[in-house]
Amino acid sequence: YELNGGTNAEGNPVVFDKDTSTITLLEPIREGYIFVGWTWEEGFGIGTEGQTTPVKDVAIETGSIENKRFIANWEKMTDVIDQMIEDIPVLDEVTTENKEFISETLDIIDELLSEDNIGSLTDDEVIEFTEKKQQLDNLLDKIEKIEEKLDAVDSVVKETPEANKVTSEDKGAIEEALDIIEELLKEENAGNITEDEKKTIEEQKTNLTEKLENIEKAEKKMD
């Protein structure tokens, strides 16, 4: 193994013979770095060809007898995080579509700031990436609040009866849902809603407005 500054996994063997059961290589570790995969030169890996693009899933099959030399490839965590952050929209433009990517970025930052990797950082870098974590937490919080509002409206639409069957008991929930819709559609929130979500919200607004109008008509008749 050529580990390039890393530490090999204990389960990766250094010897094998043709009778050895299939060996699946485990990932090595390196402080402050992400393992991106193994490469190898022609004749020294899996099959007869070289592997220049790093791969993580590597298995030495039973019956193999050739010598192997696997090369560990790494990416610096700080570089990966910076690149990922460049691809994340600002607060006024972040949407639910960005949630998974932001969560993945936060996971890497948490790993970078963990006891296993924080020693690779300078004091200034610790401050820098702690601040970046806070910024991403704010973005994630924004998305989760949007999701809560979307779910609240969706719940009212599904749980209230059809327009010709609603009663005054449904009025409060419907009015609250319509208020949430108006807030979501405000100009300052427009960038945080996807086109599909906007279309759905507008359809829900039409649905709930019809229900509210029917309730109010029924109330007038009672008066």
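Setting aside neighbours within four places in sequence, T105 is in contact with I81, M84, I85, I88 and L136, where contact means heavy atoms within 4.5 Å. T105 sits in helix 2; helices (H or I, at least four residues) and strands (E, at least two) are DSSP runs, numbered from the N terminus. The relative accessibility of T105 is 0%, so T105 counts as buried. Buried is under 20% relative accessible area, exposed is over 50%, and partly exposed lies in between, with a 1.4 Å probe and protein chains only. Between the C-alpha atoms of T105 and I85 there are 7.5 Å, for 20 residues along the chain.

A word on provenance. The model is predicted, with local features needing pLDDT of at least 70 and side-chain atom pairs counting only at pLDDT 80 or more, while totals for chains, interfaces and linings use all residues. Residues are numbered from 1 along each chain as its sequence is written, and side-chain values use heavy atoms, with hydrogens and water left out.

Next, the helix pairs. Two packed helices are described by the angle between their axes and the distance between the axes. Helix 1, residues 77–86, packs with helix 3 at about 35 degrees, and the axes are 12 Å apart. Axes here are lines fitted to C-alpha atoms, for helices over the stretch in contact, and angles run from 0 to 180 degrees between N-to-C directions. The crossing of helix 1 past helix 3 is left-handed, that is, the near helix is turned anticlockwise from the far one by less than a right angle; clockwise would be right-handed. Helix 1 contributes T78, I81, D82 and I85 to the contact, and helix 3 contributes E128, F129, K132 and L136. By class, the residues of this contact are four nonpolar, one polar and three charged. Ala, Val, Leu, Ile, Met, Phe, Trp, Tyr, Cys and Pro count as nonpolar, Asp, Glu, Lys and Arg as charged, and the others, Gly among them, as polar.

For helix 3 and helix 4, the axes come within 9 Å and cross at roughly 145 degrees. This crossing is left-handed too: helix 3 passes helix 4 that way. On the helix 3 side the contact is made by K149, L150, A152, V153 and V156, and on the helix 4 side by A173, I174, A177, I180, I181, E183 and L184. That contact has 10 nonpolar residues, no polar ones and two charged.

Helix 4 itself runs over residues 171–184, has 14 residues, and reaches 20 Å from first C-alpha to last, close to the 20 Å expected at 1.5 Å a residue. The expected span is 1.5 Å times one less than the number of residues. Which residues of helix 4 are buried? They are K171, I174, A177, L178, I180, I181 and L184. Their cover includes helix 3 and helix 5 (195–222).

Last, the loop between helix 2 and helix 3, which holds both N117 and E115. N117 has a relative accessible area of 6% and is therefore buried. Its side chain reaches the backbone nitrogen of G32 at 2.8 Å. Contacts of N117, beyond four places in sequence, are R30, E31, G32, Y33, M77, E111 and L112. E115 is at 77% relative accessibility, so E115 counts as exposed.

Key:
A polar contact is a pair of N or O atoms within 3.5 Å; within protein, one must be able to donate a hydrogen and the other to accept it, and residues adjacent in sequence count only if both atoms are side-chain atoms.
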